[in-house]
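This briefing concerns the nonpolar cores and the aromatic contacts of the protein shown below.

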Amino acid sequence: MEFEVWAPDAGHVTLVCEGTTRALERDPGRDGWWTGEAEAADGARYGFALDGGPELPDPRSRRQPDGPDGLSAVVDHERYAWRTEWAGRGLRDAVLYELHVGTYTPEGTLDAAAQRLGHLAELGVTHVELMPLCPFPGRHGWGYEGVSLWAVHEPYGGPEALKRFVDAAHAHGLGVLLDVVHNHLGPSGNHLPAFGPYFTDTHQTPWGSAVNLDAAGSDEVRAYLLGSALAWLRDYRIDGLRLDAVHALRDTRACHFLEELSTAVDALAEELGRPLALIAESDLNDPRLITPRAGGGHGLHAQWNDDFHHGLHTALTGEAQGYYADFAAAPLAALTKSLTHGFFHDGTYSSFRGRHHGRPVDRARTPAHRLLGYSQTHDQVGNRAQGDRLSAALSPGLLGCAAALTLTAPFTPMLFMGEEWGAGTPWQFFTDHTDPELAEAVRRGRRREFTAHGWAEGDIPDPQDPATRDRSVLDWSEPEQEPHARVLAWYRKLIALRHERPDLLDPDLAAVRVAFDERARWLALRRGDLRIAVNLGKEEAAIPVGGRRARVLASWEEVEPPGADGVLRLPPESCAVLATS
């Protein structure tokens with residue numbers, strides 16, 4: 001088979017494959033590339049030595065059986081026999097479910113997670129969004145310190161296990177999305193700088209030198225990232241990618257990397273004959289990300305909407321620290337603006353940032369399903385000092401209210417694993433760094449961050465302690481116990497209503513109507529002929545919902561339909577969905 005590697009500054013490159021060596025030759029048609037042939041079957045171990053240096057893994061390695069620092073292994077993608085015919089599943093009308101393989105089950109593997117896919121199909125979600133799968137040091141971690149952007153973390157099961165998972169998900173009618181990280185690579189096991197200018201000091205990010213998207217040599221770096229993205233979609237039949245923190249992609253070129261990526265992904269979708277999606281995580285509140293390329297945007301298909309989360313979180317909890325401060329003064333008003341205009345910060349002043357932030361969403365040309373709405377995510381739970389979920393602080397009734405607003409809002413809803421039954425387990429920050437100095441630096445940094453905000457050092461979980469990961473594993477006995485079973489039944493009911501009622505799928509933000517009472521802590525949402533009422537207060541609320549013939553479709557507590565006055569009397573910490581026709 002042919003081996004190739006981009007190493008523009010090398011004087012000579014040697015391929016080491018299964019104990020034999022072979023000098024590679026410069027490719028006359030591609031500047032900086034080296035090529036050569038060697039006998040190698042699936043599983044063969046190989047690496048490259050630059051200018052007589054140590055053997056390094058292939059930057060485009062499809063498998064790292066011994067971890068990021070080990071040799072690469074050949075992967076023959078044609079060996080896997082796909083069992084499920086799959087026409088794809090687009091994001092329109094979707095319900096997403098964010099899943100971390102390492103803590104979804106005690107085993108922490110893709111095969112073990114696949115055994116739980118029936119639960120997700122019964123829940124009614126349409127897509128599983130897997131957190132990052134690229135190799136990282138050790139066994140357990142969040143995945144955002146990955147390297148080898150074409151490979152699957154071996155402790156999760158490697159490439160064959162991912163194919164089995166995707167195959168099984170498709171058999172259940174579930175699409176699969178994958179979280180990918182293009183804005184940085186992990187500090188341990190990252191050998192890319194030895195091969196070429198994959199990073200540049202022209203820009204700095206929170207992780208150090210930026211990935212090189214616009215300096216000398218950036219054509220090949222962009223091609224590397226594009227190739228990785230397309231490989232997940234093509235070779236593993238993934239249905240879309242979640243792009244981590246795109247605001248940290250520093251790119252001053254006329255054609256932004258995200259536009260180039262969306263162009264390539266749309267072309268692949270046409271070639272494969274199935275829909276493919278790109279979903280951005282962004283702190284910019286810039287709708288140009290999800291504006292079609294023909295309209296001057298980057299052409300991504302959706303983006304996370306933290307403003308909806310922040311407004312909902314402050315309304316539920318009363319928290320006002322950090323970035324919640326902008327929402328806490330009038331949380332229901334902030335939530336209402338997000339529900340009706342997409343972003344709360346759309347050019348408004350942000351006290352947290354000390355400047356104006358965001359840009360308005362053009363409601364006439366931006367369908368609401370291009371924004372994701374959620375009450376919890378891995379970030380919003382795991383980046384808390386103790387990784388506590390909403391279930392640690394809220395009553396089951398308030399969890400039901402959070403679900404009602406998330407699943408009936410105009411946005412594409414996303415759940416974080418375990419949320420659907422109000423999981424009692426935390427989801428904490430954990431690592432398994434094999435470098436003792438790096439491990440200690442992460443430990444100290446985590447404690448320093450939270451002690452500065454008033455936490456006692458001893459109350460901050462040690463990321464390197466295996467018990468921190470173990471505490472974060474879902475407890476699968478909970479869904480059969482109360483109050484978890486009731487919460488789960490409520491999520492199933494709401495998701496079913498979302499699939500059944502076209503009004504909940506209307507993408508027109510301008511058609512959404514909201515009424516609220518900040519003091520009494522109730523909010524009523526109108527979606528066509530449906531009314532969604534939530535009472536976050538501790539007293540019964542009289543909520544005008546209109547419609548003399550309104551009937552209750554679903555409610556957390558038993559409630560009577562509104563009387564002739566159109567007023568719904570809703571018990572404290574409860575919610576209801578009504579139809580007016």
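A charge sits over a ring if NZ of Lys or CZ of Arg is within 6 Å of the ring centre and within 35 degrees of the ring normal. In this predicted model, the charged end of K163 sits over the ring of Y236, at 5.6 Å from the ring centre. K337 likewise places its charged end over a ring, that of F344, with 5.7 Å to the centre.

**Nonpolar cores**

- The largest nonpolar core has 141 residues, and the members touching the most others are L120, L130, W232 and L241.
- Helix α6 (residues 218-235) supplies the largest share of this core, 9 residues.
- Beyond its neighbours within four places in sequence, L130 is in contact with several residues, among them L99, V101, L162, F165 and D179.

**Aromatic pairs**

- The structure contains 21 aromatic pairs.
- One of them joins Y97 and Y104 edge-to-face, with 6.2 Å centre to centre and 80 degrees between the planes.
- Y97 counts as buried because its relative accessibility is 0%, and Y104 has 0% relative accessibility and is therefore buried.
- Y104 also pairs with W476: the ring centres are 5.1 Å apart and the planes stand at 90 degrees, so this pair is edge-to-face.
- The pair of Y104 and W476 links distant parts of the chain, 372 residues apart: Y104 belongs to helix α1 (residues 101-104), and W476 to the loop between α14 (466-471) and α15 (484-500).
- W476 has 13% relative accessibility and so counts as buried.

**Aromatic cluster**

- One aromatic cluster is formed by W142, F416, W427, F429 and F430.

Definitions and conventions:
Residues are numbered from 1 along each chain as its sequence is written. This is a predicted model: local features need pLDDT of at least 70, side-chain atom pairs count only at pLDDT 80 or more; totals for chains, interfaces and linings use all residues. Side-chain values use heavy atoms; hydrogens and water are left out. A nonpolar core is a set of buried Ala, Val, Leu, Ile, Met, Phe, Trp, Tyr and Cys residues joined through side-chain atoms within 4.5 Å. Buried means under 20% relative accessible area, exposed over 50%, partly exposed in between (1.4 Å probe, protein chains only). Helices (H or I, at least four residues) and strands (E, at least two) are DSSP runs, numbered from the N terminus. Contact means heavy atoms within 4.5 Å. Rings of Phe, Tyr and Trp (its six-membered ring) pair if their centres lie within 6.5 Å; planes under 30 degrees apart count as stacked, over 60 as edge-to-face and the rest as tilted.
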